Amino acid sequence: MSFKVAIVGATGNVGREMLNILEERGFPVSEVVALASRRSQGTEVSFGDRTLKVRALDQYDFSDTDICIMSAGGNVSKEWSPKIGKQGCVVIDNSSAFRYDQDVPLIVPEVNPDAISLFTRKNIIANPNCSTAQLVVALKPLHDFATIKRVVVATYQSVSGAGKEGMDELFTQTRAVFVADQVDVKKFTKRIAFNVIPHIDVFLDDGFTKEEWKMVAETKKMLDPKIKLTATCVRVPVFIGHSEAVNIEFEKPITADEAREILREAPGCQVLDKREDGGYITPLDSAGEDATFISRIREDSTVDNGLSMWIVSDNLRKGAALNAVQIAELLIERGLIQPKKKAA
């Protein structure tokens, strides 16, 4: 049994990573179609040892396509995902367009796989924000054991979360600094090279940014609406890999040793936590890896039942492309989708 899969936004960072992961994981494809805007039509992208020519989204007929993985931004998703879903193609959307829609499941397979059955309402499944995905993978097994009351998180988010333009700007600015050239600021609000920027997405009326709001809303939707969470999201001069300093307050007692053992057994998690030089994960170490890594697990004596930890993951993989492919795999594993029959 194999499926026809379309990737929308195939020329972007995440789209290319989706193609890589489909091939790496041996996803059962009968055909893969690379789609993007008309200006990218004819561009070549790789799928394993094959080369795909990008086709224009607005000229493509989805009626014989089984799964569409969208990574082309919120505006494109808002316009196209409902149209594609109505053609009988299941859409897995990487943007924020449908994450907060009550009729669209927001899924991390290690966290809330049972919610996927709700996709039939609109034929759309939402992929969470990159910083939320890795957070809830680590929080879920701890919540099951000791019930989380409150989370305080500060993120250190790489420039690839802002797309190819973000990566290009860090590279260009870094080179300009070394050769004493003019440093141009285009993609970010301030210089990113040798700097950190405490601002991701737009500011809201309460002083938080939309990125911070996303982490709150998505954690509540996927994990537990009773959890209180506050976030400060920061862009850092790292190419790939989001890091998070996380403080958690639980309703029940839990020790650092218990947390370590729980996380070692949890799906999608990998613990690297030695109290010695280099005995922890960094974003550089996480690049190209599928796991959510947890280090620096320790008890917080300033609150009852408190823990602090360091969570790191490749934002292009678990934070986006890998999670989307895992959602598609979950659809197949649960028998929720069948390949469309080819016309006679």
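**Questions about a predicted chain**

Me: What makes the protein chain agree with a compact globule?
Reply: For 344 residues, a compact globule would have a radius of gyration near 20 Å. The protein chain has 20 Å, so the two agree. Along the principal axes, its C-alpha atoms fill a box of roughly 70 × 55 × 40 Å.

Me: How many of its residues are buried, and how far along the sequence do its contacts reach?
Reply: Of the 344 residues, 53% count as buried, the cut-off being under 20% relative accessible area. Take the contacts between residues at least 6 apart in sequence: 68% of them join residues at least 24 apart. The secondary structure comes to eight helices and 14 strands.

Me: And the charges: how far apart are the centres of the positive and negative sets?
Reply: The centres lie 5 Å apart, for 43 positive and 48 negative side chains.

Me: How do you know that the span of helix H1 is close to the expected one?
Reply: H1 covers residues 13-24, which makes 12 residues. The expected span takes 1.5 Å times one less than the number of residues, and for H1 that comes to 16 Å. From first C-alpha to last, H1 reaches 16 Å, close to the expected value. Its buried residues are Asn13, Val14, Gly15, Glu17, Met18, Leu19, Ile21 and Leu22. After H1 comes Gly26, with a positive phi near 65 degrees.

Me: Why is Phe119 called buried?
Reply: Buried means under 20% relative accessible area; Phe119 has 4%, so Phe119 is buried. You will find Phe119 in the loop between strand S7 (90-93) and strand S8 (124-126). Beyond its neighbours within four places in sequence, Phe119 is in contact with Val90, Pro105, Ile124, Ile125, Leu331 and Leu336.

Me: What makes Asn127 a buried residue, and what does Asn127 contact?
Reply: Set its relative accessible area of 0% against the cut-off of under 20%, and Asn127 is therefore buried. Asn127 sits in the loop between S8 and helix H3 (130-146). Leaving aside neighbours within four places, its contacts include Asp93, Arg99, Leu106, Asn323 and Ile327. Ile327 is 200 residues away along the chain, yet the C-alpha atoms of Asn127 and Ile327 are separated by 8.4 Å.

Me: How do you know that Thr209 is buried?
Reply: Thr209 has a relative accessible area of 1%, which is under 20%, so Thr209 counts as buried. Thr209 lies in the loop between helix H4 (164-178) and helix H5 (210-222). Not counting residues up to four places away, Thr209 touches His199, Ile200, Asp201, Val202, Phe203 and Leu204.

Me: Why are Ala180 and Phe194 called exposed?
Reply: Exposed means over 50% relative accessible area. Ala180 has 71%, so Ala180 is exposed; Phe194 has 52%, so Phe194 is exposed too.

Note on methods:
Residues numbered from 1 in each chain as written. Predicted model: local features only at pLDDT ≥ 70, side-chain atom pairs only at ≥ 80, totals over all residues. Heavy atoms only, no water. Helix = DSSP H or I, 4+ residues; strand = E, 2+ residues; numbered from the N terminus. Buried < 20%, exposed > 50% of the residue type's maximum accessible area, 1.4 Å probe, protein only. Rg over C-alpha atoms; globule rule 2.2 N^0.38 Å. Contact = heavy atoms within 4.5 Å. Lys, Arg positive; Asp, Glu negative; His and termini not counted. Charge placed at Lys NZ, Arg CZ, Asp CG, Glu CD.
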